[in-house]
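We will go stop by stop.

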Amino acid sequence: MAFQAVDPNVSFPALEQAVAQGWAEHGIARQVLAAGDRANPFVFFEGPPTMNGLPGVHHVEARAVKDAINRFQRMRGRYVIGARGGWDTHGLPVEVQVERALGFSGKPDIERYGVAAFNAACRASAHDHIAIFERLTERMGYWLDLEHPYTTYDNSYIESLWWVLQQLWQRDLLFRDYKVTMHCPRCGTSLSAHEVAQGFEDDVDDPSVWVRFRHTPSGHPHDDQLAGAAFLAWTTTPWTLPANVALALKPDADYLLVDYHGAAAPERLVLAAALADRVLGEGSYHVLATFRGDALWGVRYQRLFDGVPGPGDTPDLARAYLAIADAFVSLEDGTGIVHIAPAYGDLEIGRTYSLPTLFSVDLSGTTYAQYDALGFGGLFFKTADPVITRTLHERGLLFRSGRVRHAYPFCWRCKTPLLYYAKPSWYIRTTAKKERLIAHNQAVHWVPEHIKNGRFGNWLANNIDWAISRERYWGTPLPIWVSDDGKHMECIGSLAELEQKVGRSLKDLDLHRPYVDELTWPAPGGGLMRRIPDVADAWFDSGAMPVAQWHYPFENQQLFEIAGQADYISEAIDQTRGWFYTLHAVATLLFDRPAFKNVICLGHILDTKGEKMSKSRGNVVDPFALLDEFGADAVRWYMFASAPPYNPRRFGPEQVGEMLRQFLLTLWNTYSFFTTYANLDGWAPPDLAPPADTLLPTDRWALAHLSALVQTVTAALDTYDIHAPAKAIEAFVEDLSNWYVRRNRRRFWKAESDADKQAAYVTLYTCLTTLARLLAPFTPFLAEALWHNLVASQRPGVPQSVHLAAWPQPDPAARDDAPARRHRHPARGHPPWPGCPPPGPASLRQVARAAHRLDGIRRFESELRDELNVKVVQFTTRRRHAGRGQAAESVRGWVEVQKQAT
């Protein structure tokens, strides 16, 4: 049967459309997903993208890398478990997207709109984004089971999360505490440590103020000496000053009482001796007295403002507005005196010294109305900074003001500046398992290796408890019910348990707010048990997916025993503090094991200027437009071959086009050459390989090179290296086109169909069909086109898809003729020959090196004449070692050539 004609002017997007249509008509994807040895499974976890926005180029990269390894494992005969769609549908990202669409500015708008209606809008928005991601997934040839995905808003998923939380509760790993958290005033919720880490920005401009806290007599032994003096403290957060309750000094440091004469009028100030010259200026003050920090303990000062008590609090102000001493105080910057506001970052210090907690701004980041008379009530906390600074100046309390540039945390979703805020939150006690977290990481194979004990290992070493509760709406409701008097708490672990509590069937209940909020039951001692209003951090949803995707333990118990730990995962490097960490934490806390065995950690894709892509910068690339212009295979190949995937890379569409021309078109032209002449000659693949003695040295070289390529690609993919095999395939195609085909094209052109021509056809056919299988994980559409035309349409009984074919094996016979050592140059025109080639034409070096371990360089005389364009080649013998052994030709592949004019 003749091969289908191949158009040299190929459109890869059109080719891919035709291939995809064939897949759909024959159900190829479904067959591939079901294929493999069930007794030899390969477990994969699909990291769920967040359904709050359109997909980007980075999604193409991540999905291509995942797909390549999964396809490789299937062709090795393994059944891949877990290759199913996964959608992260809960949390702030989705809420913020919906708020913007509805024109909302915060939680009050949501409350007025109604929680039920708002959550319904969140569900609809997430569902719409799922459809877009499904389209991208199918367009780029990433084969997942999209008919049975796991979706975090499903009741079955939520029920498994409740079971996980109950397990943590029963092990005393889920607890409530009042802690200072990083709080987003726009989103109205606390952020976990890994969320905060994603939102830090460098070089943020903030106020820098030095403030006078005037001494007031209180019976302290040093009151007389300090009469008329002021403690000098420094801060970059003026908005916290109304909440000040203490000043902290370093206990063993020296503090000076000075007469400062650098201002219009002399004044008496107290500050650390080590910082006096830096703050006041050398020679601008006279030292009146020196004190150790702990000697000033209990000295009182006048409060700057009246702080606002928390709701229901009656703070003991007798414990406020005094100097304390603690070793945490640093002498690196400031004045050596730290202003203490327990509500905004200093809660532990406040607890240690029984200080009251006062507030200046509420959870929306707005200053309290109590400060209206002072001019800064009702302002956003950052907006209040200059007003507070001006007020201090007018009252003579501002010593100096300026600006400082430093790192500051912002909400990673809405970009609002965060603030430390003391409030009750629910935590997972990850610190209790810190050593196990670190130990299990050592069992994971990281690509690149330095992530293990670097970025990820450091994160584990500095582990803090995981703040899991969010004061939001669209998320997994925390299954904790508390009695009206606060004395009794219960954590519910299943729908059946909840039904038993309320005494009725809940099979049709949506397990979201506000519906679960309405469920109550009698509490011990009177009153009702009511659910706390918080929902879970969306990172918990995705981190618990190994359990929840199977609705374990309520279903799939046997499957989970196999599929509860992944052989492989892959996401971008920022997930070291996101999904990678949450997976690792949940698996360690629940099962005392790593969640995954192998991980490829991807670098970020940057724009052509090296900047991170973002909508605000206007430098994002539409992946659908990219796929439509160049094709999915070209984009995928760029992701594999342009650089190791863990390196950040600069990306531009023109780079994809260049790789398309250099690699895909080179291969396509070789394929087109073969089919053109094979059809002219009526050539068909023979049932048996041609006799070895009909193969020319160049045929044997090509087949040896091919066998070595199979071995190289297989070994690299076995170690989760996807860049090295791509470069090896790229180099082979270059050699095949620019060396083998060029050197042997006359054999295809000649009229007679002798054994020599048959050997050439078989050699090139073997190379192309093997390449089809090697390329299947990388460029699935092109590989399928090659396989269908060259193999499936020619041979009955073979797999109709390359993705159902077996992975190629090295040919031992061909390897007998392979070079002993390989030296590969990545540049074009430098094929892989052993050793370091001598100066001269690249093709001459190829011929000379090929002779090593084959049949002697004299057999390549005709090739040398052609390559050098000469009539005569003369050979010179050399001795390898003087006095040892006989003369030999081309012992190391060296050749001397006398070129005679033609």
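How many disulfides does the structure hold? The count is 0. Keep in mind that this is a predicted model.

**Stop 1**

Select Cys411 and Cys414. Cys411 is in no disulfide, and its nearest cysteine sulfur belongs to Cys414, 3.6 Å away. Cys414 is likewise in no disulfide; its nearest cysteine sulfur is that of Cys411. Cys411 is buried, at 1% relative accessibility. Cys414 is buried too, with a relative accessible area of 15%.

**Stop 2: the largest nonpolar core**

Now select Ile600, Trp637, Phe651, Phe674, Leu709, Ile729 and Leu764. They belong to the largest nonpolar core, which has 120 residues, and they touch the most other members. Zoom in on Trp637. Which residues does Trp637 touch, beyond those up to four places away in sequence? They are Ser642, Met659, Phe663, Ala726, Ile729, Glu730, Leu775, Phe778 and Thr779. Then move to a second, separate core. That one has 74 residues, including Ala230, Leu249, Leu392 and Leu419.

**Stop 3: aromatic pairs**

The structure holds 57 aromatic pairs. Pick out Tyr568 and Tyr720. Their rings are stacked, 5.4 Å centre to centre, with 25 degrees between the planes. Why does this pair tie together parts of the chain that are 152 residues apart in sequence? Tyr568 lies in the loop between α19 (557-563) and β28 (569-572), while Tyr720 lies in the loop between α24 (697-718) and α25 (723-749), so the pair links these two places. Tyr568 and Tyr720 are both buried.

Next, select Phe673 and Phe748. This pair is edge-to-face: the ring centres are 5.3 Å apart and the planes make 85 degrees. Phe673 sits in helix α23 (residues 653-681) and Phe748 in helix α25, so the pair links distant parts of the chain, 75 residues apart. Is Phe673 buried or exposed? Phe673 counts as buried, because its relative accessibility is 15% and buried means under 20%. Phe748 also counts as buried, at 1%.

Phe673 and Phe748 belong to one aromatic cluster, together with Phe3, Phe674, Tyr677, Trp683, Tyr761 and Tyr765.

**Stop 4: charges over rings**

Select Arg71 and Trp143. The charged end of Arg71 sits over the Trp143 ring, 4.1 Å from its centre. Then show Lys382 and Tyr408. Lys382 lies over the face of Tyr408, at 4.1 Å from the ring centre.

**Stop 5: an exposed arginine**

Arg30 and Trp143 are 113 residues apart in sequence, yet their C-alpha atoms are 8.8 Å apart in space. Arg30 is found in helix α2 (residues 28-34). Arg30 is exposed, with a relative accessible area of 55%. The side chains of Arg30 and Glu147 are joined by a polar contact of 2.9 Å.

**Stop 6: a buried threonine**

Finish at Thr189, in strand β6 (residues 189-191). Its relative accessible area is 0%, so Thr189 is buried. What does the side chain of Thr189 make a polar contact with? The partner is the side chain of Glu471, at 3.1 Å. Leave out neighbours within four places in sequence, and Thr189 is in contact with Leu92, Met182, His183, Cys184, Lys423, Ser469, Arg470, Glu471 and Arg472.

Definitions and conventions. Residues numbered from 1 in each chain as written. Predicted model: local features only at pLDDT ≥ 70, side-chain atom pairs only at ≥ 80, totals over all residues. Heavy atoms only, no water. Core = buried A, V, L, I, M, F, W, Y, C linked by side-chain atoms within 4.5 Å. Buried < 20%, exposed > 50% of the residue type's maximum accessible area, 1.4 Å probe, protein only. Contact = heavy atoms within 4.5 Å. Helix = DSSP H or I, 4+ residues; strand = E, 2+ residues; numbered from the N terminus. Polar contact = N/O pair within 3.5 Å; in protein donor to acceptor, adjacent residues only side chain to side chain. Phe/Tyr/Trp six-rings, centres within 6.5 Å; stacked < 30°, edge-to-face > 60°. Lys NZ or Arg CZ within 6 Å of the ring centre and 35° of its normal. Disulfide = S-S within 2.5 Å.
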